[in-house]
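Subject: Structure handover

Hi,

Here is the structure you asked for. My notes follow below it.

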Amino acid sequence: MPLLELEGVEARYGAIRALHGVSLTLEEGEVVAILGANGAGKTTTLRAVSGLVRRRGEIRFAGRSLLRDAPEAIARRGIAHVPEGRGIFDELTVWENLRMGAYVRISRRELKSEAERVFGYFAWMRERSGQQAGTLSGGEQQMLSLARALVSRPRLLMLDEPSLGLAPTVTQELFRVVKQLNAEEKLSVLVVEQNAEIALEAANRAYVLEVGRVAVEGSSDELRRHEGVRKSYLGY
Amino acid sequence: MQQVVSGLASGAIYASLALALVLIFRSTHVVNFAQGEMAMFTTYIAWELMHRGMSYWPAFALTLVIAFAGGVAVERVLIRPVEQASPIAIVIVTIGLLIAINGLAGWIWGADVKAFPSPFPNKAYDVAGVAVSSEDIGVFAVCVGTVVLLWAFFNFTTLGLAMRAVAINPVASRLMGVRVGWMLALGWGLAAVLGAIAGMMTAPSVFLDPTMMLTVLIYAFAAAVLGGINSPVGAVVGGLLLGVIVNLLGRYVDILGSELRLPSALFVLLVVLLIRPQGLFGHVVVRRV
Amino acid sequence: MRTPAPFTVVKLLLVGAVAALVAILPRFLGEFRLSQFTYVAIYFIALLGLNILSGYNGQISLGHGAFVAVGAYTTAILSLGRPGLEALTLAPPDWLPLGDGMRSVLTIPIAGLVAGLAGYLFGFPALRLAGVSLALATFAVAVSLPSVAKRFEDVTGGGGGLILSLPITPFGLDVSTPHWLYYEAWVTAAVLFAAAWLLLRGRAGRALRALRDGEVAAASSGVSPAAYKTFAFGLSSAYAGVAGALLAINVSYVNPDAFPVTLSILFLASVVLGGLSSLTGALLGAFVMEFLPIYAQNPPLVSELSKQAPAVTFGIILVVMMFFAPSGLAGLLRRFGGLLLPGSNR
């Protein structure tokens with residue numbers, strides 16, 4: 001049974017249809033990438049899973065439908081969504097942001113050990129846990145957003161455009177952590193990226209969205225060899 | 001000096017109500033014009049409880065519980081349906097509430113003023129040559145104590161943290177598993193509690209009547225704007241400052257007399273706003289288009 | 001020259017029908033009802049002004065009543081003149097150009113100008129405020145005005161107010177005084193309605209609406225926010241001043257407590273209830289103000305027990321309207337009109 005399964009998912013913002021029947025699966029322990037141009041529906045797909053947008057079709061997580069659940073209930077089920085633009089609480093401190101990550105699923109006592117685990121990946125956060133999050137650099141904010149998601153010990157991590165606006169070295173660092181998490185903790189990851197190259201390197205499999213539909217799907221190697229994908233998204 | 005002390009007592013009342021306004025504004029982005037009337041109404045409830053034989057402090061506590069429930073109910077029933085509507089629609093809903101509550105209070109309890117007991121003994125102390133009434137001390141202690149409790153709640157509890165997070169970024173809060181709707185309702189409940197305290201502290205000195213909180217509400221607005229409408233610290237400082245300023249203005253600037261106290265305070269406010277539109281402690285809210 | 005759209009013709013016909021109705025109405029009404037309709041005209045004028053500011057220009061004002069008061073006091077003081085004020089045992093300062101008492105009808109435009117100027121000047125500090133702060137600042141004006149009037153009692157009569165001589169039909173016209181007051185108010189209302197209509201249809205109206213819908217966009221297409229927003233304040237206050245003048249003439253008495261902050265709140269509530277950005281809405285709002293009598297008969301909100309029911313009802317209606325018909329009565333009317341005249345709307 002796949003961990004996450006989307007079947008013919010449609011979503012709309014008011015009168016505008018953003019998804020026209022997206023189907024995809026993600027097995028436990030997999031890293032899956034969603035690629036595509038601006039406006040293809042990548043972000044909407046994640047928002048549909050999280051319940052942030054009205055959707056139809058079927059979305060199952062660990063065999064149970066998510067369609068009737070509100071975002072807060074979906075978070076409780078163990079899906080951590082790192083939204084586009086990071087969504088950190090800029091007036092709160094780094095530590096308070098992490099506490100918010102542990103708002104559900106984690107008791108106050110467990111928070112300490114979870115935070116230690118996260119500090120293992122991002123050592124700088126330990127000393128700067130009292131700093132106001134809004135004063136962090138863009139890359140640091142992205143890492144904080146990821147760390148905040150990890151504190152809740154999610155079953156599925158969803159990353160929305162983590163590389164957006166970051167220097168290439170920072171992006172590489174971020175994906176290195178994601179790969180490490182997947183290798184060491186068997187964390188399942190669904191990542192939306194415009195930077196196809198770096199996403200395919202981290203992912204086992206990928207889907208390419210075009211105007212709200214899955215246009216191509218396959219393993220990372222298959223997609224790298226796929227002529228259309230190569231031309232449109234990899235640029236060679 | 002004596003004016004400063006009694007100014008601090010009334011300032012503490014303004015600060016409580018101003019804090020109530022700020023609490024709601026930060027989370028719901030609504031200025032609750034009915035805040036004063038809600039406070040007035042709960043004070044009537046306290047009066048009714050005492051009238052039926054309850055002693056002061058139990059009635060005080062029960063009133064706070066009722067106020068909290070009322071505030072939550074108002075948010076759930078009246079504000080939630082217009083949350084996504086234009087700002088003017090929300091302002092009008094709170095104004096409708098103001099009119100309705102005012103009318104309801106007059107309907108139930110009549111327009112005659114009622115004496116409201118003070119829980120503090122009627123004594124004056126001599127502190128370093130300044131005569132300080134125990135009433136002033138009591139009012140100040142209750143209001144400031146409430147503010148400190150609230151501050152602790154927001155800073156040291158997970159629920160308080162979640163409420164702050166919701167005010168900053170509601171969508172991200174939902175992704176953290178926070179029930180945003182209930183946090184907003186909780187904010188309205190706490191604001192109503194603050195209002196109830198302000199009302200019960202005001203009533204002994206001005207007598208209880210349906211228009212009693214109108215002036216206090218205006219001072220509270222002024223205090224909130226002075227301090228910065230999105231800054232809780234600003235609301236408290238603004239309230240205390242305003243209390244002192246108003247008292248000193250009324251006492252020492254002869255030409256103003258007692259009639260022009262309110263306008264002159266508002267004038268001060270207007271000047272502050274022109275120099276610093278975001279208030280003393282506020283920050284500029286960037287509207288996302 | 002383009003031919004007017006058919007819908008404009010329908011509108012013109014409707015306006016004509018309403019005007020005819022207003023003209024013949026006094027034949028069927030007793031004196032009391034007649035005066036009620038006179039007040040409708042006065043509120044209509046005030047609400048037209050508020051609608052220009054809050055509806056078309058999007059600046060929320062909780063201080064409209066203050067400018068009504070400015071107009072009312074202007075008329076009262078000018079029509080009494082220095083001798084009149086001295087007869088009331090007041091001692092106005094010598095430097096004030098008060099005159100020797102004017103015919104009240106002539107003070108109406110002056111009241112409009114004075115209130116308009118006051119509003120225009122207030123518009124400048126208001127430029128730096130928007131939304132909530134603006135609502136609060138205008139609220140402050142409304143709250144302050146009664147105390148200011150009380151303070152300068154040498155001219156305003158303080159808390160006791162000013163008593164005007166009872167209105168009479170001027171120019172030797174052969175109509176009864178209530179009829180004269182009725183026509184005076186409605187003719188003024190008609191003129192101001194036409195002025196508002198013409199203004200809002202044209203360039204200025206487009207500029208005001210553009211500013212409401214997006215200041216940055218409007219400014220970048222050449223509309224000066226400062227000029228138009230202060231203009232809106234001035235114009236809206238001038239309307240308020242005229243309404244105040246008529247109010248003073250009709251009541252023949254002004255005092256600070258006739259203009260409590262609740263009056264300003266009611267103005268805003270009525271204009272929203274009638275329908276924002278709709279001139280018809282202003283008329284409907286005026287009917288609400290007069291015939292849901294929570295201000296008209298009992299100036300302060302609170303009076304006797306039984307009189308509280310309208311206030312509660314009014315508050316509830318206001319809330320319910322915001323839930324189900326945020327465009328007000330005029331919006332409802334338009335919706336039903338649209339059903340009757342398919343294709344006429346949009």
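At what angle do helix 3 and helix 8 of chain B pack, and how far apart are their axes? Before the reply, some ground rules. This is a predicted model, in which local features need pLDDT of at least 70, side-chain atom pairs count only at pLDDT 80 or more, and totals for chains, interfaces and linings use all residues. Residues are numbered from 1 along each chain as its sequence is written, while chains are lettered from A and ligands numbered from 1 in the order in which they are written.

Helix packing in chain B

Helix 3 (residues 56–79) and helix 8 (residues 180–206) of chain B pack at about 140°, and their axes are 7 Å apart. Helices here are DSSP runs (H or I, at least four residues), as are strands (E, at least two), numbered from the N terminus. Axes are lines fitted to C-alpha atoms, for helices over the stretch in contact, and angles run from 0 to 180 degrees between N-to-C directions. The angle makes helix 3 of chain B oblique to helix 8 of chain B. The cut-offs: under 35 degrees is roughly parallel, over 145 roughly antiparallel, 65 to 115 roughly perpendicular, and the rest oblique. The crossing of these two helices of chain B is right-handed. A crossing is right-handed if the near helix is turned clockwise from the far one by less than a right angle, and left-handed if anticlockwise.

Among the residues of helix 3 of chain B that meet helix 8 of chain B are B:Phe60, B:Leu64 and B:Phe68. On the helix 8 side, they include B:Leu184, B:Trp188 and B:Met200. By class, this contact has 15 nonpolar, five polar and two charged residues. Two residues are in contact if their C-beta atoms, placed from the backbone, lie within 7 Å. Ala, Val, Leu, Ile, Met, Phe, Trp, Tyr, Cys and Pro count as nonpolar, Asp, Glu, Lys and Arg as charged, and the others, Gly among them, as polar.

Helix 2 (residues 35–51) and helix 4 of chain B pack at about 20°, with axes 9 Å apart. That makes helix 2 of chain B roughly parallel to helix 4 of chain B. Their crossing is left-handed. B:Glu37, B:Met38, B:Met40, B:Phe41 and B:Tyr44 in helix 2 meet B:Leu98, B:Ile101, B:Asn102, B:Ala105 and B:Trp109 in helix 4. This contact has eight nonpolar, one polar and one charged residues.

Between chains

Two pairs of chains are in contact, and chains B and C share the most contacts. That contact takes 40 residues from chain B and 37 from chain C. Helix 4 (87–109) of chain B gives the largest share of the chain B side, 16 residues. The chain B side divides into 32 nonpolar, seven polar and one charged.

Between chains A and B, 19 residues of chain A are in contact with 15 residues of chain B. Helix 2 (71–76) and helix 3 of chain A each supply at least two residues of the chain A side. That side has nine nonpolar, four polar and six charged residues. No contact joins chain A and chain C, and their closest C-alpha atoms lie 19 Å apart.

Enclosed helices

Six of the eight residues of helix 3 (residues 94–101) of chain A are buried, so this helix is largely enclosed by the rest of the structure. Buried means 20 or more other C-beta atoms within 10 Å of the residue's own, exposed means 12 or fewer, and partly exposed is in between; C-beta atoms are placed from the backbone. The buried residues are A:Val94, A:Asn97, A:Leu98, A:Arg99, A:Met100 and A:Gly101. Their cover includes helix 6 (158–168) of chain B.

In helix 12 of chain C, 10 of the 13 residues are buried, so that helix is also largely enclosed by the rest of the structure. Among the buried residues are C:Leu279, C:Met289 and C:Glu290.

Two loop arginines in chain A

A:Arg86 has a positive phi of about 75° although it is not a glycine. A:Arg86 sits in the loop between strand 6 (79–82) and helix 3 of chain A. With 24 C-beta neighbours inside 10 Å, A:Arg86 counts as buried. A:Arg105 has a positive phi near 75°. A:Arg105 lies in the loop between helix 3 and helix 4 of chain A. With 19 C-beta neighbours inside 10 Å, A:Arg105 counts as partly exposed.

Best wishes
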